[in-house]
Amino acid sequence: MATSVMLVATVTVVPVSAAALPGPSPGLTDGGPHRAKLRTALSAVPEAGAPGVLAAVRHGRHVWRDGAGQAFLTRPQPMQPQMRHRIGSITKTFVATTVLQLVDEGRLGLDDSIGQVLADVVPGERGTDVTVRMLLNHTSGIGNYTTVLADSYAAINQMQVTTYAPADLVAMGLAMPPTNVPGASFSYSNTNYVLAGLLIEAITGNDAAAEVQRRILWPLRLTGTSFPGTDPTIRGPHSGAYFAPFGARDLSEFNMSWAWTAGEMIATTADLNTFFRALLGGELLSAAALDEMLTAVPMLPGLPEAGAYGLGIYSLPTPCGEFWGHDGVVLGHLMLSMHSRDGNRQVSSGINISHYRFLLSDPHPIDIAWQTFLLTAMCPASETSGSSTEAVPQLPSMPRMPGDDTSIAVL
């Protein structure tokens, strides 16, 4: 149809040409954030076209948080760093951590067939062949339901006000042709993480969101982080959410049941840094489970510089070393949360516009500005080798599969 827009869920990372993006600038000095350079780089993001941007940066004991631009397009209100933001697929890291805690407790095995627990949901040969590990690292071959659910502008309007049952989301994915033989290769699918949520519920007998809250949110005191369920409102201070094809229409009120354990959560940038620091520091998982989580498969086998996906977390090479984290893309909000393996350098940053790059083949000015800020936050110039930009993290607003110039990412 003429007005259709395929919303393809992917965390694909593809290098941008060195001419398109600048090298890292010396944004960190003496182990702490250089506030003036960070502020200048952050301010460039709304100057490039985003309504607003927020960020939390940590380097050792030094913490810097700030916002720039406007929270809303229709009324003046500055973007503030403490605002709550939809985090999309960063939800997957919380869910994978919960599943791995069940593995630590001996209640589940990573190489167990999912049919052992979810026989009624995934019956037959597929239930036997697909393992828990394959769900978490996206090698199951199960189709991605959001490519069916979100296939037009009208569908987006319907999603905004509809409550979806997890079993119905899974059924959409299972009805799609397999993308690969189970375990053979990486193929990002939100269906995998809805199934992971159902596994949590089947094993614990409790609501999946409640398990994440009990095991992670409450112990870490992540008071700005939540599963909204069917409540469409972001409770607490937040910005608008602008899906570029819809102009100034605010989509911050949205029933996120369509994403559930694949991408429903809300958080603050400070909470995300706290969570990933605890995770990578071994506070939430045993050493063995964390090693399993960080054992990653190539996201693009022929393009190793694109990074690798572990169990609900991925790695990206940067000019100053490997960073781990996840991105999230929903309708109107983007978030990226990346961290050095030792948790010493951290950056979580979000913007309140999405899908502005649809049908563009070149980097958007927003992407270039946001990329520059992220590199300023992550990479002190003294720790980089020259000004190379050959291996840099691709922003979640710039998802592209090879040969696909029309896809838009959700989650």
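Two strands count as paired if DSSP finds at least two bridges between them. Keep that in mind for the strands on this tour. The model is predicted.

**Colour by confidence**

Start with pLDDT. The chain averages 87, and 85% of the residues score at least 70. Now select residues 382-393. Here pLDDT stays under 50, and the model has 31 contacts beyond four places in sequence for this stretch. Where pLDDT is low, the predicted coordinates should not be read in detail.

Select E3, residues 52-59. Eight of its eight residues are buried. In a regular strand the side chains alternate between the two faces of the sheet. Show the side chains of E3. Gly-52, Leu-54, Ala-56 and Arg-58 point one way. Val-53, Ala-55, Val-57 and His-59 point the other way. Both sets are buried.

E3 and E4 run antiparallel, joined by eight bridges. Look for His-59: His-62 in E4 stands opposite. The two strands form a hairpin with two residues between them. Click on Gly-60 in the turn, where phi is positive, about 65°.

Now bring in E13, residues 345-351. Seven bridges pair E13 with E3, again in the antiparallel sense. Centre on Leu-54 and find Gly-350 of E13 opposite. Keep Gly-350 displayed for the next stop.

**On to E12**

E12 and E13 run antiparallel, with six bridges between them. Their hairpin has four residues between the strands, and Gly-343 takes a positive phi near 75°.

Show the whole of E12, residues 334-340. Seven of its seven residues are buried. Leu-334, Leu-336, Met-338 and Ser-340 point one way. Met-335, Ser-337 and His-339 point the other way. Each of these residues is buried.

Seven bridges join E11 to E12, and the strands run antiparallel. Pick Trp-324; its bridge partner in E12 is His-339. E11 and E12 form a hairpin too, with four residues between them. In this turn, Gly-332 has a positive phi of about 105°.

**Helices H2 and H11**

Select H2, residues 91-104, and H11, residues 269-280. Two packed helices are described by the angle between their axes and the distance between the axes. For H2 and H11, the angle is about 35° and the axes are 12 Å apart. The crossing of H2 past H11 is left-handed. Show side chains at the interface. From H2 come Thr-93, Phe-94 and Thr-97. They meet Leu-272, Phe-275, Phe-276 and Leu-279 in H11.

**Gly-312**

Stay with Thr-97 and find Gly-312. The two are 215 residues apart in sequence, but 7.7 Å apart in space, C-alpha to C-alpha. Gly-312 sits in the loop between strand E9 (308-309) and strand E10 (314-318). Is Gly-312 buried or exposed? Its relative accessible area is 0%, so Gly-312 counts as buried. Display what Gly-312 touches beyond four places in sequence: Lys-92, Thr-93, Ala-96, Leu-136, Tyr-193 and His-326.

Most residues other than glycine have a negative phi. Go to His-138. Phi there is positive, about 60°, although His-138 is not a glycine. His-138 lies in the loop between helix H4 (132-136) and helix H5 (146-149). With 0% relative accessibility, His-138 is buried.

Next, select Arg-221. This residue also is not a glycine, and has a positive phi of about 55°. Arg-221 is in the loop between helix H9 (208-217) and strand E6 (242-243). Here the relative accessible area is 70%, so Arg-221 counts as exposed.

**Last stop: Arg-357**

Select Arg-357, in the loop between strand E14 (353-354) and helix H13 (365-378). Why does Arg-357 count as buried? Because its relative accessible area is 8%, and buried means under 20%. Finish on the side chain of Arg-357. One of its polar atoms lies 3.2 Å from the backbone oxygen of Asp-362.

Conventions:
Residues are numbered from 1 along each chain as its sequence is written. This is a predicted model: local features need pLDDT of at least 70, side-chain atom pairs count only at pLDDT 80 or more; totals for chains, interfaces and linings use all residues. Side-chain values use heavy atoms; hydrogens and water are left out. pLDDT is the predictor's confidence in each residue, from 0 to 100. Contact means heavy atoms within 4.5 Å. Buried means under 20% relative accessible area, exposed over 50%, partly exposed in between (1.4 Å probe, protein chains only). A polar contact is a pair of N or O atoms within 3.5 Å; within protein, one must be able to donate a hydrogen and the other to accept it, and residues adjacent in sequence count only if both atoms are side-chain atoms. Axes are lines fitted to C-alpha atoms, for helices over the stretch in contact, and angles run from 0 to 180 degrees between N-to-C directions. A crossing is left-handed if the near helix is turned anticlockwise from the far one by less than a right angle, and right-handed if clockwise.
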